[in-house]
Amino acid sequence: MSRPPPPFAPQNPTPGPNPAGPASSLPASFSNLQISRAPPPFASGGPPPGNGPAPSSIRGPQAPPPGARPFPGSPPPPSQPAPPLARPAASVQQSPPFGGPPAAQPQQMPPFNGSPFGPPAQVQRAPFGGPPGASQPPPFSGPPAALSQHPPFGGSPAAPTQPGPLGGPPYSAAQPPPFGGLPGAMAQRPFSGGSMPPFGGQQPPSQQGPYGGPPQFGGQRPGSQPPPFGAQVAPPSQPPPFMGPPGLNAPAFGPPGWQGQARPGIVPGGMQPPMRMPGMPGNMLPSALGQGMPSTPTMPYSPHAGAQVSTPSKIDPNQIPRPITETSVTIFETRQGGQAAVPPAASSEFIVKDTGNCSPRLMRCTMNQIPCTGDLLTTSGMPLALMVQPFALPHPSEEPIQLVDFGEMGPVRCSRCKAYINPFMRFVDQGKFFICNLCGFSNDTPREYLCNLGPDGRRRDADERPELCRGTVEFVASKEFLVREPMPAVYFFLIDVSMNAVHTGATAAACSAISQALSDLPEGPRTMVGIATFDSTIHFYSLKRSQQQPLMLIVPDIQDVYTPLQTDLILPLSECRESLEQLLESIPNMFENNRVADSAFGAAMKAGFLAMKSTGGKLLVFQSVLPSVGTGSLSAREAEGRSNISTGDKEAHKLLQPVDKTLKTMALEFAEYQVCVDVFITTQSYVDIASISVVPSTTGGRVYCYFPFSALSDPAKLFNDLRWNISRPQGFEAVMRVRCSQGLQVQDYSGNFCKRVPTDIDLPAIDSDKTIMVTFKHDDKFQENSECAFQCALLYTTVYGQRRIRVINISLTCTSMLSNLFRYADLETQFTYLVKQAASGIPSSPLSQVRDQVTSTCINILQSYRKYCASVSSSGQLILPEALKLLPLYTLALIKSIGLRNDGRVDDRSYWVSIVSSISVLLAVPLVFPRMISLHDLTSRDDEDTLIPNPLTLNSENIHDDGIYLLENGEDGFIYVGNAVNPVTLEQIFGVSSLAGVPTQLALEQFDNELSKKVNEVLNEIRRQRCSYLRLRLCQKGDQSGDFFRSLLVEDKAPGGLSYVEFLVHVHRQIQSKMT
Ligand SMILES: [Zn+2]
């Protein structure tokens, strides 16, 4: 099997004989400066050196007062008199949310009412829009032209695509960067951008990636024409831009839609027919099932019949609820006829038209009608929660979020609750007053914001003002929201260079990934970088250009950490890029013979933090071994944990809690100073992710895990993960608050953030992948058919240094009918809630208890429906509400998931818990309920209206010995190969006629044949949909890997769980038991 060249030189090299440690192995070109407790560098008249880390105040008055940042809820300063002659002041710029048109062609709307007295309209950009000046390069700028011809994944050269202009127009709509190919290939082309079409999406919806084009991972796009910038929709005759076959207009990127979801639009009156289980006792309801079924005999069990499994043979497995694939693209208007419309399934492809409520991608509720009372909510058994993903990628065909600038007066707000002006605030008395839709307070309309009302009672300018007609807008933050100037975008890299890290190739992989990702950092003078390496000591590097070579500064004290310099450790990228690249290239060699096995992870993080304390920013840590020394060191407690779990020890879950509070305390301090930590774990052993993950989860970051690290297959993923991490839409120094109508109150927030006050959460960084769950409880009643509104306000700094407030609104009808709650239930959002609840319970309860809780939540919901909403008198039927008919299947999948199953490593479970914490609705479902497709027959498909074939049902009946299957969950891709696969097929896909000896961790190449090309296209499309470069693993029938694969087939009976049919029987029996 031909493989890509070894990506990095030192693959498991024999440790060199040099015992002297890193210092002696340094190339002579590196100065080595051993510093013992360097005094703070206040050479002239600075404060005297104190003990310990320099306090923040030494940075002078510009240092941010900890915790003193303003938040959306902070009261405005005393109202200022309106400027003379001020007329409606807001200038509105229609600018794309993530990368607008170039400055030369702003799609600028005239200031409303064209007041000559208002402040001049500024060329404002939405977040991630281009920097204000044309002199600054745009965000997400296109890959260099030449790179578009770069063969993806080292495969055959792609048909030449028309290159995007170098440093071209900014991509619109958050088209993420292309994901490059294998590092081997990229080693020849540093900074490869892959073969990405320029973003900017003049493409017909059907050809777009859903949600605004998540990452590209290379791949050919024959004949594709890079769309010019701009957000206009091109004629549908344009060939598909991405990897779909040329000329195919079908929605090539339609992710599966799941049956059982309410379709877009308002559900007309009348109950949806409930889902009655075929095969379950009772009569069939053909209309609910799509086809007739013979009536089935009553199941021979009763509530008191004991636990025997009841004749699953009587249930026709072909008739039980399963997701169906939805391939059409829908247009979703968020409000229709004055009411909230029911959003399409998160997993379907849709284009949102914001007509007053926000896009469901940004915020969606577990139920699309709100119960009038808390009692009704309790009776339903359903959760009331919002999933908020403030930077979710839009569909490229969607209108960008508009930016509104109220000038010095700042956005109009309710003077009582500080809610922001929104389409649901009601203007009365000729517009002189407005009534807050959240607290009911009647406010005076600011003089400069007055406008008469039309005959319909609305302001005459309502349709021209985004803040009065759109669910989501962004406001330019006025001075009241600034306590300091927005900080530069700082990226500090920390690389583990301990013995194992170097020997496994992890250090080299990290250096290469960083080096290649540098070109994806936001360009311009505001982007600053710094770097340090660590083993049992910490090595900083001064990259000042005036020096001939980078200067290494060693910090030996890992208990009481400090930084060796206060300046020169973090420099503008433009000033130090060459030295940084040179350094990154040298590091693997410098430490090639490192014999230091210890790793001072905690201390290194702390030192990195101190270096960036005055600005905040992103700290990106590459860690390969268990942190063993210095502050925050950990111990190997896994062995103990394993035996505990196998003996059923009730305390086993404690291994999933952080070992102590050291790292948490550190993380709180990081968050206070706006430092976000991401940890890339490239390891071959237990590293105690439960403890480590506290840092990212408190600071708005995340853990990435590459276990067991493979120098062959993982560098590509590491690079792509890093690249997406720094180039996706994101903001810094953020504070978020959710408000809701009187009658409800926020109960809790959950996600990756730090909370210092009950009402707000602090996010040193927030990006397009992060979701925050907000739960609510009633504190009063709502009137039937009144509306309950939710408003999320996110104050943040763009990567280009603009302070913004993104305001996301949704208003939903209140109901006192339980049946409406079921009818308007949102399955995927409720299930995401369940997954997050389960994950948060894992570290504090025994697994069996968590599984029981998950099951009983499902049963309680279904029982409530059965008891109060189903009119059928027969108690022998399992009746499922239409909107939630997949809840049992998803619940079963959750019980069998990596997080909740009994087998598996402690670190795997901790990792699962950590990613669930901030996962979006879109990714939570596949993480638990994966997608399986067949690969061997990709060239002979007859359903070629989509690039990705229809998913197969997750049971072993669909697995054949002569087949090859891919099962993916957004994190991993498992490729299962039967034991009777045609060797020709193996040769085509894997390049070998026998898989004997092929490693489990796979780097799939593209070969010069149709099948291989298709497999890679499909894989790249999945990567793009998931915004994730899957780790591929080979699973073969007959060995452990094959068994593992089969354990992921949710519908099968497994040692750890019931089959789907058995589970339905179980659920039914439990419901019956509760009914009697
Ligand atoms: Zn209010």
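Cys436 is a buried residue, with a relative accessible area of 3% (buried is under 20%, exposed over 50%, partly exposed in between, using a 1.4 Å probe and protein chains only). This is a predicted model, in which local features need pLDDT of at least 70, side-chain atom pairs count only at pLDDT 80 or more, and totals for chains, interfaces and linings use all residues. Residues are numbered from 1 along each chain as its sequence is written, and side-chain values use heavy atoms, with hydrogens and water left out.

So what does Cys436 hold on to? Its SG is one of the protein donors of the zinc ion, alongside the SG atoms of Cys414, Cys417 and Cys439, at 2.2 to 2.3 Å (donors are N, O and S atoms within 2.8 Å of the metal, or 3.2 Å for Na, K and Ca; water is not among the atoms, so sites may look incomplete). Along the sequence, the donor spacing reads C-x2-C-x18-C-x2-C. Cys417, in the loop between strands E11 (402–405) and E12 (426–428), and Cys436, in the loop between strands E13 (433–435) and E14 (442–444), link distant parts of the chain, 19 residues apart (strands are DSSP runs of at least two residues, helices, H or I, of at least four, numbered from the N terminus).

Now for the backbone. Most residues other than glycine have a negative phi, and most peptide bonds are trans. Gln674, though, has a positive phi near 65° and is buried at 4% relative accessibility. Glu733, in strand E24, has phi near 50°. Finally, a cis peptide bond joins Phe707 and Pro708.
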